[in-house]
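Let's take a friendly walk through this structure together. Keep the sequence and the 3D view open as you read.

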Amino acid sequence: MTNVYAPMIGKIVKINLKTGDKVEENQPVMILESMKMEIDVIAPVGGMIKEINVKEQQAVESDTVLAVIG
Amino acid sequence: MNLWDKTGISAVTPEHLVMWLIAGLFIYLAVRRNIEPLLLLPIGFTVLVVNMPLTGLTEVRGLLYYFYTYGLETDLIPCLIFLGLGAMTDFGPLIANPKTLLLGAAAQLGVYIAFFGSIALGFTIPEACSIGIIGGADGPTTIFTTNELAPHLLSATAIAAYSYIALVPVIQPPIMKLLTTKAERGIIMKQLRPVSRVEKVIFPLATSLVVCLLVPAAAPLVATFMLGNLFRESRVVERLTNAAQNELMNIVTIFLGLGVGSTMTAEKFLHWPVIKIYGLGLMAFAFGTAGGILFAQLMNLFLKEKINPLIGSAGVSAVPMAARVSQRLGQEANPKCYLLMHAMGPNVAGVIGTLLAAGTFIALAKALM
C-alpha cells in the first residue's frame, strides 16, 4: 500500500480517477491548485486506487493523504 | 478658422500617431491576450488620451497631473502597493529554509550587470541605478528608485519592468535549461517544515529593524511591505488585511495605471534611450536568472542535502510567476518533483534583495549627486 500525499498546501480542483481504477507510475491522479497554479499530483507507484480521501474543491494541507494505491 | 486651430486635429503630429499605436498595442495585449490586463488596460487607455494634443491633461492643473504629482512623485503609490503585497506574501517558505535567502541575493546579479551596462552605454550614475533595478523584477521598487534618482525615465523603466515580469515564463526557461542537466532539474526536495505563528510575526518586525538600520533609504518600501505582512500574520486585523489585499490594492492599481500612463507622452517617451533601456532590462532579467541558477549549483557543492537549482532563478522576484516557472520545469524533468513552495523561498527573498539593492543605489547615487 502506498499513500499519495499532498505535495503542498492547496485546493483539490479535479480528481482524474476513482476507487478501483488502474493507475500507472507517474500518472496524474488529481490536480491541486496552489498559488493560482494547477499542479498534477502523480501516482508515486503503479497499481490500483484503493481509496480516495478527498473531494473536489476541498482545501488540503501539505502531507495530507489524498489517496491510497495498492 | 480660429475654431479649427482650437481642435486637436490640427495639432496631431506623427509622434502622436506612434503613441496611439503603442496605446493600441497595450490595450490589445490586455483585452485579447490577457497579458497583465490590470496594468496594461488603464496604462494603454491613459497613453491614448494623453497623446491627444491640446487636452492639457498632464499639464499643471490638468487631471492626470495630480495623479502623477501626488501619487507617484510622492512615492505614495509604490509604497501602498507594497502594503498590499506584504498582506499577500507568505514568508513561511523562506523562514523554513533560510539559506534560500542567498539565492534571492544571487539573482540580483542582473541588477548590477545592467547597472554597469548602462554606464557603458553613456547613462549617468543615477540613471544607471534606475535602469539596473529593472532586473529586480519588481514594479513598485523600480518606480520608487527611478522617482528618487531619474524621474525623467519613469515611464521607460516602469514599462520595461512590468513587461519583462509578464514575460518571465518566456525569458527564463531557455536560460534555466541551458545551465542545468535533466538530472539536476529532477532533484526532489524534502517538504518544508511547518512554520509557527510566532516566527511569522517576528519576521516582519525583525526584517524592518535590520533593513531600516542597514539601508535607511529603503525604509519607505520595507516599512509598508512589512506592515502589510504584520497585518496578515498577526491574524487579529483580518479587516485590514483584506482591505490591503483587495480594495486598497485595486484602487492603487488604477491610480498607478493613470500615473504611469500619464508620463508616456510623445515628447517624453519617443527617444533612443528608451530602446536602450528595454535592451538593458532584458539583459538584467537574463543575468538575474542565470545568477540564481549558478549560485544554487555552487551551494550544492557544499550541501549534503542537494537543492534543485531550478529554484535559484525564482530569486529574481516576479512573485509568484518565477516560482511557477520553477515548478513547471521541475515537473517536466521529473513528475515526482514539486518545487513551487521551495521556489517561494528565493522568490520572496528576491523582493527583499531588490529592496536592499535599491536602498543602497539611492544612498550612493544621492551622495554623488
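## A tour of the model

B:Val170 sits in helix 12 of chain B, which covers residues 168-179. Please keep in mind throughout that this is a predicted model. Is B:Val170 buried or exposed? With a relative accessibility of 57%, B:Val170 counts as exposed, because the cut-off for that class is over 50%. Its C-alpha atom is separated by 9.2 Å from that of B:Val325, a residue 155 places away along the chain.

## Where the two chains meet

Next, the interface. On the chain B side, twelve residues are in contact with 17 residues of chain A. Between them, chain B and chain A bury about 1,300 Å², and 66% of that is on carbon and sulfur atoms. Which residues of chain B lose the most area to chain A? They are B:Gln191, B:Lys336 and B:Tyr338, which together account for 43% of what the chain B side buries.

B:Lys336 turns up again when charges are considered. The count of salt bridges between chain B and chain A is one, and a salt bridge is formed by the side chains of A:Glu25 and B:Lys336, at 2.6 Å from N to O. Across the interface of chain B and chain A there are also ten residue pairs in polar contact, with both partners at pLDDT 80 or more.

Which helices of chain B each supply at least two residues to the side that touches chain A? Helix 19 (321-333) and helix 20 (340-368) both do. Helix 19 of chain B gives the most to this side, with four residues. Sorted by class, the side of chain B that touches chain A has six nonpolar, three polar and three charged residues.

The largest nonpolar core has 121 residues. Those with the most contacts inside this core are A:Met30, B:Phe91, B:Leu256 and B:Met264. Helix 20 of chain B provides the largest share of the core, 14 residues.

Leaving aside neighbours within four places in sequence, B:Phe91 is in contact with B:Phe203, B:Phe225, B:Met226, B:Asn229, B:Val348 and B:Ile352.

B:Thr89 is found in the loop between helix 5 (76-88) and helix 6 (92-96) of chain B. Is B:Thr89 buried or exposed? B:Thr89 has a relative accessible area of 11%, so this residue is buried. Its side chain reaches the backbone oxygen of B:Leu85 at 2.6 Å. With neighbours within four places in sequence again left out, B:Thr89 is in contact with B:Phe225, B:Asn229, B:Arg232, B:Glu233 and B:Val348.

## Salt bridges

Side chains of opposite charge can pair when their charged atoms come close. How many salt bridges does a search of the whole structure find? Over all chains, there are nine. The table shows some of them.

| Residue | Partner | N to O distance |
|---|---|---|
| A:Glu25 | B:Lys336 | 2.6 Å |
| B:Glu148 | B:Lys366 | 2.6 Å |
| B:Arg193 | B:Glu199 | 2.8 Å |
| B:Glu233 | B:Arg232 | 3.1 Å |

Take the pair of B:Glu148 and B:Lys366, whose side chains meet in a salt bridge. B:Glu148 lies in helix 10 (residues 139-149) of chain B and B:Lys366 in helix 20 of chain B, so the pair ties together parts that are 218 residues apart in sequence. B:Glu148 counts as partly exposed at 25% relative accessibility, and B:Lys366 is likewise partly exposed, at 40%.

Helix 10 itself is mostly covered, with ten of its eleven residues buried. The buried residues include B:Gly139, B:Pro140, B:Ile143, B:Phe144 and B:Leu149.

In the pair of B:Arg193 and B:Glu199, B:Arg193 is partly exposed with a relative accessible area of 39%, and B:Glu199 is partly exposed with 26%. B:Glu233 and B:Arg232, named above as contacts of B:Thr89, form a salt bridge with each other. B:Glu233 is buried, with a relative accessible area of 6%, whereas B:Arg232 is partly exposed, with 26%.

Finally, which residues are linked in a network of salt bridges? B:Lys177, B:Arg328 and B:Glu332 are.

Note on methods: Residues are numbered from 1 along each chain as its sequence is written. Chains are lettered from A and ligands numbered from 1 in the order in which they are written. This is a predicted model: local features need pLDDT of at least 70, side-chain atom pairs count only at pLDDT 80 or more; totals for chains, interfaces and linings use all residues. Side-chain values use heavy atoms; hydrogens and water are left out. Contact means heavy atoms within 4.5 Å. Buried area is the accessible area (1.4 Å probe) that two parts lose on being put together, summed over both. A salt bridge is a side-chain nitrogen of Lys or Arg within 4 Å of a carboxyl oxygen of Asp or Glu. A polar contact is a pair of N or O atoms within 3.5 Å; within protein, one must be able to donate a hydrogen and the other to accept it, and residues adjacent in sequence count only if both atoms are side-chain atoms. Ala, Val, Leu, Ile, Met, Phe, Trp, Tyr, Cys and Pro count as nonpolar, Asp, Glu, Lys and Arg as charged, and the others, Gly among them, as polar. A nonpolar core is a set of buried Ala, Val, Leu, Ile, Met, Phe, Trp, Tyr and Cys residues joined through side-chain atoms within 4.5 Å. Buried means under 20% relative accessible area, exposed over 50%, partly exposed in between (1.4 Å probe, protein chains only).
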